[in-house]
Structure formats: C-alpha cells, structure tokens
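Reader: I would like to go through this protein with you and ask, for several of the labels used, what stands behind them.

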Amino acid sequence: MILHELVSYDALRVIWWLLLGVLLVGFAVMDGFDLGTGTLLPFLGKTDTERRVIINAVGPTWEGNQVWLILGGGAIFAAWPQLYAVSFSGFYLAMFAILVALIVRPVAFKYRSKRESKAWRSTWDWALFVGGFVPALICGVAMGNVLQGVPFRLTPEMHIFYDGSFLGLLNPFALLAGLVSVAMVVMHGAAWLRIKTDGAVAERARIAGMAAAVLTTLLFALAGLALWLWIDGYRITSVIDPLGPSNPLYKTAAVAPGAWFANYAAHGWTLAAPALGLAAPLLAALLMLARRDGLAMIASGLGIAGIILSVGASMFPFILPSSIDPRFSLTVWDASSSHLTLFIMLVVTALFLPLIVAYTSWVYKVLWGKVDVKAIEGGQGHSY
C-alpha cells in the first residue's frame, strides 16, 4: 500500500478544511488582541507613559502571534491552490492594504519612542491604530464578500478571471461584517489589557471591553439577520463526488434563498458555533464587569472562534462561491491539492503545529506579568 493511501482523499479534504478553520481562528485569537490593542491605543492612553504601557503589553509577543497569519496563508497556498489564486488576485488591493498596515505596525513599534517629540510619538501611535484597525476591518469585509459570492469566473482551461473592483468590495453587508470583526478584536484587546495592565489604563480597558463585547453580539446578530433576509446562499445541484478531480467545472450549483442556513437545519450540532458567537461576548462583558479578567479573556476568544466557525458551518462544502456563475464556485470537493500533497502536509502539520503551540506557550509563561507605569518609568527592560 502507498503510504498516503492510509488516509482517504475525501477525508483529507475535510481534515484540511477543518485545519483551515483552526488556523483562521488561531490568527484571530492570537493576533486579534494585538490588533485590538493597537486600535484602542490612541483612546485608552491619556499620557505618553500610559501609551507606552499599552504598547509594552503586546510588545514582547506580537511578532510571534503573526506566525498564525503565515501558517494560514501557507495552508491556503498549498492545500487550496485555486482558493489562493482567486482570493489573493481578486482581493489584491484589499490584501495590499492589509500588508501595508501590517508593515507599518512593526515600524511604529520600533521607531515610536526613538524621539521625545510629542508630534513624532503621536504620529506613530496613530500608525499603530491603523495597523490594528485596517487589517481587522478588511478581513471582516472580505468575509462578508465571500458570503455574498465573489465575481470570478473560470475558463475551460481553468484560467481564472476576477471581474470585480476594490470599491465593489465595500458594499453594506461586507462593511457590516467588517464592523463585527473590528468590534470583536477590540473586545479581545481590551480583555488582554485587563490582564496585562493595572490602574487607569486597565479601568478604561474594562469599560471599552464591555461596550465592544455587547456591540460584537449585537452586530453579529444583525449580520445573521441580514444574511437570512437579504443574502442568498449557494447549494450544489449535481451529484457530489468527494473523491473527484479538483475541477469545479465538473459540478453544477445554484443560488438559493436561505441556503446558508441549510446545514444548521440538517445538522443541529452546528448551531453551537453561532450560539457561541452570540453568547460568549456577552459572557465576556459580564466577566469584565465582575473583574474576572482571565475568564473574560477566555470567553472573548471563544466568541471570536464561534463567529469565525459559524461562517464555515454555514458555507460547507463551499469555500469560495462565484457570483457570476455558481458552477465556478470552489468547494471542499473540487478545489484542493492532490491526495499526496494533502497527506504530506498533514504529516508536516502534525509534527510542527504542536511545536509552535509549545514554544508559544513557553514564551507567554516567561514573559507573563503586568506592565505598569513604574516599570515603564524605571526602564526595567522594556524596549518600546
């Protein structure tokens, strides 16, 4: 027996769909509080020292957290090459804006305190805001567009053409999804600041976090209602072959009202994802009110996971629907890499993902503890 045949092709396709969800959740949870902290920086820090406290709350770990973004991009490239080709070319300007924001962020971290000038430091503080707000907003906007369908088409030779524009991405539902994304990372960033800071900064973070948590639930509920009332979903209308070739043109599909909710009706256990997305942020708000900061951070992360996983549960088996012709849509069954590629990647992931989790946990253990004004003013090893 050939080694990669130990796991069937259809099972590997589902496993990598699940792993893609894990990596997206990992990025949103691990780097989400960095993005949220940057978004909150100009508003929670009233003095230069307080802003340095906020910056140093994420300073030692933000670089390591971005490994989840790299892992997610790498997984899409290797496991779902057609998805990578369509999304990274069709959303080119949006991706470019995210990259610019993410490039500005480390520059702001490094240069912000190099000069005593108030104007200099304020400029870099707003750069950190951009580095947090813009990626969160655009990632949500991208998700909103995916749920509506993306204007791409395939030729018989499998050449990909994207017929949309950057401004077309900024439609009302997509912007609503972007606001959900911003609200949830602000909630997460505030929960992190409650753990890592004290005094006035921590108290302001508590108030901001409770407001963002409630807003996350309200916006997520509003987005779900809009999806039900005004956004048509997609369904496959031909026989599904889980072992079929990676060619989307071999199937037929159609747009259908309410199709994104069919999986919830067919598999009741999938309702756990949206339920978690609605309830966990409210729980986080209550825990912040009660000053149970560690539990609030966990609840915030669970809320983010529920929101992201509810999108995957709604869309399965679709990964990227086409608004031009549903037949061009990419699904779990017709957009993956080969059987051998998926198996080799699974082995590599099984070896290295636990290693990443282990060294990340070790770093957090070593660098644990609060950042306070006294530590900043005393110059006790803080670099920002």
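Reader: Why does Tyr-264 count as buried?

Author: This is a predicted model, and in it Tyr-264 has a relative accessibility of 10%; because buried means under 20%, Tyr-264 counts as buried.

Reader: What makes Phe-261 partly exposed?

Author: The relative accessibility of Phe-261 is 23%, and since partly exposed covers the range between under 20% for buried and over 50% for exposed, Phe-261 counts as partly exposed.

Reader: Why is the aromatic pair of Phe-261 and Tyr-264 called tilted?

Author: The two ring centres lie 6.3 Å apart, with 55 degrees between the planes. Rings pair if their centres lie within 6.5 Å, and planes count as stacked under 30 degrees and as edge-to-face over 60, the rest being tilted; therefore the pair of Phe-261 and Tyr-264 is tilted.

Reader: How many aromatic pairs does the structure hold, and what makes the one of Phe-91 and Tyr-162 edge-to-face?

Author: The structure holds 20 aromatic pairs. In the pair of Phe-91 and Tyr-162 the ring centres are 6.4 Å apart and the planes stand at 85 degrees, and because planes over 60 degrees apart count as edge-to-face, the pair is given that name.

Reader: Where in the chain do Phe-91 and Tyr-162 lie?

Author: Phe-91 sits in the loop between α6 (81-90) and α7 (92-111), while Tyr-162 belongs to strand β2 (residues 160-162), so that the pair, 71 residues apart, links distant parts of the chain.

Reader: Are Phe-91 and Tyr-162 buried or partly exposed?

Author: Phe-91, with a relative accessible area of 6%, is buried, whereas Tyr-162, at 22%, counts as partly exposed, because the cut-off for buried is under 20%.

Reader: Which residues form an aromatic cluster?

Author: One aromatic cluster is formed by Phe-33, Trp-192, Tyr-364 and Trp-368.

Reader: Turning to the whole chain, how many helices and strands does the protein chain have, and how do you know how compact it is?

Author: The protein chain has 16 helices and 6 strands. Its radius of gyration is 22 Å, close to the 21 Å that the globule rule gives for 384 residues, so the chain is as compact as a globular protein of that length.

Reader: What share of the residues is buried, and what share of the contacts joins residues 24 or more positions apart?

Author: Buried residues make up 52% of the 384 residues in the protein chain, and among contacts with a separation of 6 or more, residues 24 or more positions apart account for 81%.

Note on methods: Residues are numbered from 1 along each chain as its sequence is written. This is a predicted model: local features need pLDDT of at least 70, side-chain atom pairs count only at pLDDT 80 or more; totals for chains, interfaces and linings use all residues. Side-chain values use heavy atoms; hydrogens and water are left out. Helices (H or I, at least four residues) and strands (E, at least two) are DSSP runs, numbered from the N terminus. The radius of gyration is taken over C-alpha atoms; the globule rule is 2.2 Å times the number of residues to the power 0.38. Buried means under 20% relative accessible area, exposed over 50%, partly exposed in between (1.4 Å probe, protein chains only). Contact means heavy atoms within 4.5 Å. Rings of Phe, Tyr and Trp (its six-membered ring) pair if their centres lie within 6.5 Å; planes under 30 degrees apart count as stacked, over 60 as edge-to-face and the rest as tilted.
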